[in-house]
Amino acid sequence: MKDVLIIGGGFAGVWSAAGAVRAAREAGADDALRVTLVDGGDDMVIRPRLYEDAPDGMRVALDRVLGPIGVRRVTATVTGIDTEAHTVRAVARTGEELALSYDKLVLATGSRLIRPDFPGAQDIFDVDTLPAAAALDNHLRRLPDRAPAPGRYTAVVVGAGFTGVELAIALAERLRAIAGAQGAAEDARVVLVDLADVVGPELGPGPRPTILDAIDELKIERRLGRTLASATRHDITLSDGEVIPAATVVWTAGMAASPLTAQIPGERDRLGRLSVDEFLRVVAVPDVYAAGDTALAAADDGRTTTQSCQHALPMGKFAGHNVAADLLGTAPLPFTPDPYVTCLDLGPAGAVYTEGWDRRVALTGPEAKTLKKKINEIWIYPPTDDAEQLLVQAGRFSNG
């Protein structure tokens, strides 16, 4: 029996596991592969939804996905990867040190927020992980218990990219409701800060007017061309010296691939992503594949993949299929993602949906909002307690 080891319990990791099982069953070789997934948690976190209210519910128990298809799950934190010895070192919750061997490895440990190091940075929030998002959620719920003070219902969001815009809009609605319940709705204030001189620089000019209209409708302030210099639990100071009283500061600026990519002796880009070939094999590293935010793969129109669930889901399916094909001698499949799209939640203004790398606006308002809800609440969730449906979806390589 050959061992497929997958590190990471997010979108790419879960679908790699399902993809490997599906490919083995399709080849009539169910007993030829043992698929193991190792992750430090018990849940698949629905990370694209962590900007929403009640983030603690944005998860799916891994055992309800992996158990029905026979994937072995190891709850442990990976501490080292030896690609020559084909072993992975990990520490279980009990403190026990584990050594896991593999014939084929898929690294699917995602990405992480790059936290700042300015004075007071330890006291600011983020929505990069479930515990971090839950901490912000609990903080917001406790704001009415604070003594009245300037900035009690003010939130500063640093980073005006995809996550920052969605979060700022969600906070504007939520703070208005929280403050309004105390008769202080006029005190609710959100300030969006970014070093760039435009909102959503990576989103391009296409959807920007729609985004700005939504921001203006919610009276979200903008401080562009600057960043935070320092923060306290009561205020922040911007790089131009402006001081803004604020009880809530959230950092969304800057992402990097999982530090475990440094354990693989392959080429990496500036985000730390490993270069992979058309089959998602790490270039020049035998028996190692990468998928999701850890991988730099070719996408459509001569572009490369983005760190997003849009690419992580199919990359997982392709990686899982291909590690199984590699071991079983069947045909691998070159990674072929769907045409690039984006869908940004704009709160009461609906959403904006774009197509292509130049982000041509295709839908706005309620129509785009309906699509966004389908993406967030249905399409990105794996089937639970249903092996047949999960494996059917594992063989559906398109997001459509």
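User: Happy to have this model to look at. What makes the lining of the second largest cavity divide into nonpolar and charged residues, and how many are polar?

Analyst: In this predicted model, the residues of that lining divide into 4 nonpolar, no polar and 3 charged. The residues that line the second largest cavity are Ala172, Arg176, Ala188, Arg189, Val190, Leu218 and Lys219. Ala, Val and Leu count as nonpolar, while Arg and Lys count as charged. Helix H4 and strand S11 (189-194) are the elements that give two or more residues to this lining.

User: Why is that space called a cavity, and how much space lies in it?

Analyst: About 50 Å³ of space lies in the second largest cavity. The word cavity applies because a 1.4 Å probe fits there but cannot get out.

User: Which residues are closest to the centre of the largest cavity, and how does its lining divide?

Analyst: Of the 14 residues lining the largest cavity, Tyr51, Glu52, Leu136, Leu140 and Arg174 are the closest to its centre. The lining divides into 10 nonpolar, no polar and 4 charged residues. Tyr and Leu belong with the nonpolar residues, Glu and Arg with the charged ones. Helix H3 (130-142) and H4 each supply at least two residues of that lining.

User: How do you know whether helices H1 and H8 are parallel or perpendicular to each other?

Analyst: The axes of helix H1 (residues 11-26) and helix H8 (residues 387-394) cross at roughly 95° and come within 9 Å. Angles of 65 to 115 degrees count as roughly perpendicular, and H1 and H8 are therefore roughly perpendicular to each other. The H1 side of the contact is made by Trp15, Ala18, Gly19, Val21, Arg22 and Arg25, and the H8 side by Leu390, Leu391, Gln393 and Ala394. The contact residues divide into 6 nonpolar, 2 polar and 2 charged.

User: And why is the whole protein called as compact as a globular protein of its length?

Analyst: The protein has 8 helices and 23 strands. Its radius of gyration is 22 Å, close to the 21 Å that the globule rule gives for 400 residues, so the protein is as compact as a globular protein of that length. Along the principal axes, its C-alpha atoms fill a box of roughly 65 × 50 × 40 Å.

Conventions:
Residues are numbered from 1 along each chain as its sequence is written. This is a predicted model: local features need pLDDT of at least 70, side-chain atom pairs count only at pLDDT 80 or more; totals for chains, interfaces and linings use all residues. Side-chain values use heavy atoms; hydrogens and water are left out. Axes are lines fitted to C-alpha atoms, for helices over the stretch in contact, and angles run from 0 to 180 degrees between N-to-C directions. Helices (H or I, at least four residues) and strands (E, at least two) are DSSP runs, numbered from the N terminus. Angles under 35 degrees count as roughly parallel, over 145 as roughly antiparallel, 65 to 115 as roughly perpendicular and the rest as oblique. Contact means heavy atoms within 4.5 Å. The radius of gyration is taken over C-alpha atoms; the globule rule is 2.2 Å times the number of residues to the power 0.38. On a 1 Å grid over the protein atoms alone, a cavity is a set of points where a 1.4 Å probe fits but cannot get out, and a pocket is an open set with protein on both sides within 12 Å along at least five of seven lines; lining residues have an atom within 4 Å of a point. Grid points are joined across faces, edges and corners, and a volume is the space filled by probe spheres set on the points.
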